[in-house]
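Please read these notes with the model open beside you. They go through a few local features, one numbered point at a time.

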Amino acid sequence: MIDYNDFLNDTIVSLPPSGIRKFFDIANEMQDVISLSIGEPDFKTPWHVREAGIESLERGRTWYSPNRGFAELREEISKYFSRRFYVDYDPKTDVLVSVGGSEAIDLAIRTLVTPGDDVLIVEPSFVCYRPMVIAAQGNPVIIQTKEKDSFKLTAEELQKSITPKTKLLILPFPNNPTGAVMRENELLEISKLVKEHNLMVISDEIYAELTYGDAQHVAFSKLPDMKERSVIINGFSKSYAMTGWRLGYAVGPKEIISQMTKLHQYAVMCAPTTAQYAAIEALKNGDRDIARMRSEYDMRRRFIVDELRKIGFSCFEPEGAFYVFPNITITGMTSEEFCCRLLETKHIAVIPGNAFGECGEGFVRISYSYSLKHIKEALSRIKEFVDEILN
């Protein structure tokens with residue numbers, strides 16, 4: 001009998017599985033479950049984008065692309081960043097097309113982190129940052145954001161967390177799971193400390209197009225002196241409803257992108273060809289699709305926040321992404337207990353807040369990337385659940 005522990009990497013074995021997938025997998029095995037657990041747009045990929053992918057197959061365009069991605073796609077990404085966020089990138093040297101935004105995050109972390117480096121991670125946040133830093137033998141230093149600060153990173157908290165070994169800050173805004181958004185004046189305060197302490201930044205801006213209100217998203221690299229210090233992560237999953245196409249990208253200084261490309265080259269070689277042709281069409285002609293989906297999300301956002309507050313939860317109003325992060329402490333349960341009992345008794349799947357960091361305890365993440373019909377039914381069952389507990 002083989003003892004596989006003799007062969008497995010201890011660091012990888014020590015990493016916990018995703019708290020998001022745990023509840024998603026349980027819900028998938030139950031009947032009559034309404035899942036508001038995964039960040040999966042309920043919209044289909046726009047038809048003109050699907051048509052571009054289909055046409056590429058019909059024409060037999062099934063070959064490898066260059067490692068960095070097709071030149072035309074990198075050109076369109078560059079134009080998109082200039083048009084939407086007013087930052088110019090050279091498509092020949094500053095853009096890398098990846099297999100989803102998650103691969104781009106992994107590549108950036110492994111390129112920048114060496115053993116023993118302190119890496120600042122803002123939490124609550126997407127589940128991948130801390131494990132990827134650990135896998136790269138870096139030291140995660142967690143900065144906990146608070147409900148009273150609208151889950152935003154403050155310059156004061158950042159300053160307190162910087163050490164002589166700090167090399168990198170990971171910025172997750174617009175934020176998953178809280179929906180928090182950092183505005184330009186707030187980011188400027190962060191950028192001053194980044195420059196003062198000679199830090200690099202990975203800014204995960206996958207939800208850049210899903211911000212609400214009059215103020216537009218501000219790319220971190222648009223701030224003074226930050227383009228040379230930032231790797232921006234983005235992709236097509238959220239803004240164009242292209243989750244299954246698995247396509248993302250990174251933009252940043254050519255010296256960093258070239259090293260990320262080497263890792264990408266050896267690990268996966270190139271992103272899916274069909275998805276790249278579809279993405280070219282999305283960037284060229286998809287602005288109206290973004291506006292349509294954002295408007296629908298905004299309506300759902302306002303509805304779900306109002307309903308959660310009527311139930312009795314304290315609920316921070318999200319300004320971005322498609323999640324709400326209500327405080328469920330009135331129930332007297334932990335986040336895990338709340339989600340388990342809600343799933344067992346009412347067949348509603350949401351995610352415990354502590355899946356996104358310890359400071360998420362006392363909260364749950366609810367996605368509104370689902371139809372209004374599903375949201376209404378889910379909220380009705382959640383209200384029943386809370387009423388039964390409190391009365």
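1. Lys160 is a plain place to start: its relative accessible area is 57%, so it counts as exposed, the cut-off being over 50%. Keep in mind throughout that this is a predicted model.

2. What does Lys160 pair with? Its partner in a salt bridge is Glu157, and the closest N and O atoms are 3.2 Å apart. Both residues sit in helix α7 (residues 155-161), and because they are 3 residues apart there, about one helical turn separates them. Glu157 has a relative accessibility of 19% and therefore counts as buried, the limit for that word being under 20%.

3. Side chains of opposite charge can pair when their charged atoms come close. Helix α11 (residues 287-311) holds another example, with Asp298 and Arg302 placed 4 residues apart, or about one helical turn. Their side chains form a salt bridge at 3.6 Å, N to O. Asp298 is buried at 18% relative accessible area, while Arg302 is partly exposed at 43%.

4. In helix α5, Asp106 and Arg110 are 4 residues apart, which means about one helical turn lies between them. They too are joined by a salt bridge, and 3.3 Å separates the closest N and O atoms. Arg110 has 37% relative accessibility and so counts as partly exposed.

5. How many salt bridges does a search of the whole structure find? The count is 30. Salt bridges can also link up into a network, as they do for Arg83, Arg84, Glu209, Asp287 and Arg294.

6. Two packed helices are described by the angle between their axes and the distance between the axes. Helix α5 (residues 100-112) packs with helix α9 (residues 254-267) at about 110°, and the axes are 9 Å apart. Are these helices roughly parallel or roughly perpendicular? Angles of 65 to 115 degrees count as roughly perpendicular, so that is the description for α5 and α9. Their crossing is right-handed.

7. The bond joining Glu123 and Pro124 is cis, with omega about 0°. Pro124 belongs to the loop between β3 (118-123) and α6 (129-135). The bond joining Phe173 and Pro174 is also cis, with omega about -5°, and Pro174 is in the loop between β5 (166-171) and α8 (184-196).

8. Next come backbone angles. Phe151 is not a glycine, yet its phi is positive, near 55°. This residue lies in the loop between β4 (139-144) and α7. Its relative accessibility is 2%, so Phe151 counts as buried.

9. His347 likewise has a positive phi, near 55°, in a residue other than glycine. It is placed in the loop between α12 (335-346) and β10 (348-349). At 23% relative accessibility, His347 counts as partly exposed.

10. Which residues form a nonpolar patch on the surface? They are Ile2, Tyr4, Phe7, Leu8 and Val13, and together they have about 570 Å² of accessible area. Tyr4 is in the segment before α1 (10-14). Because its relative accessibility is 53%, Tyr4 counts as exposed.

How values were computed: Residues numbered from 1 in each chain as written. Predicted model: local features only at pLDDT ≥ 70, side-chain atom pairs only at ≥ 80, totals over all residues. Heavy atoms only, no water. Patch = residues over 30% accessible without salt bridge, like charges linked within 9 Å, V, L, I, M, F, W, Y side chains within 5 Å. Areas by Shrake-Rupley, 256 points an atom, 1.4 Å probe, with all protein chains shown as cover. Salt bridge = Lys/Arg side-chain N within 4 Å of Asp/Glu carboxyl O. Helix = DSSP H or I, 4+ residues; strand = E, 2+ residues; numbered from the N terminus. Buried < 20%, exposed > 50% of the residue type's maximum accessible area, 1.4 Å probe, protein only. Axes fitted to C-alpha atoms, helices over the stretch in contact; angles between N-to-C directions. Parallel < 35°, antiparallel > 145°, perpendicular 65-115°, else oblique. Left-handed = near helix turned anticlockwise from the far one by under 90°.
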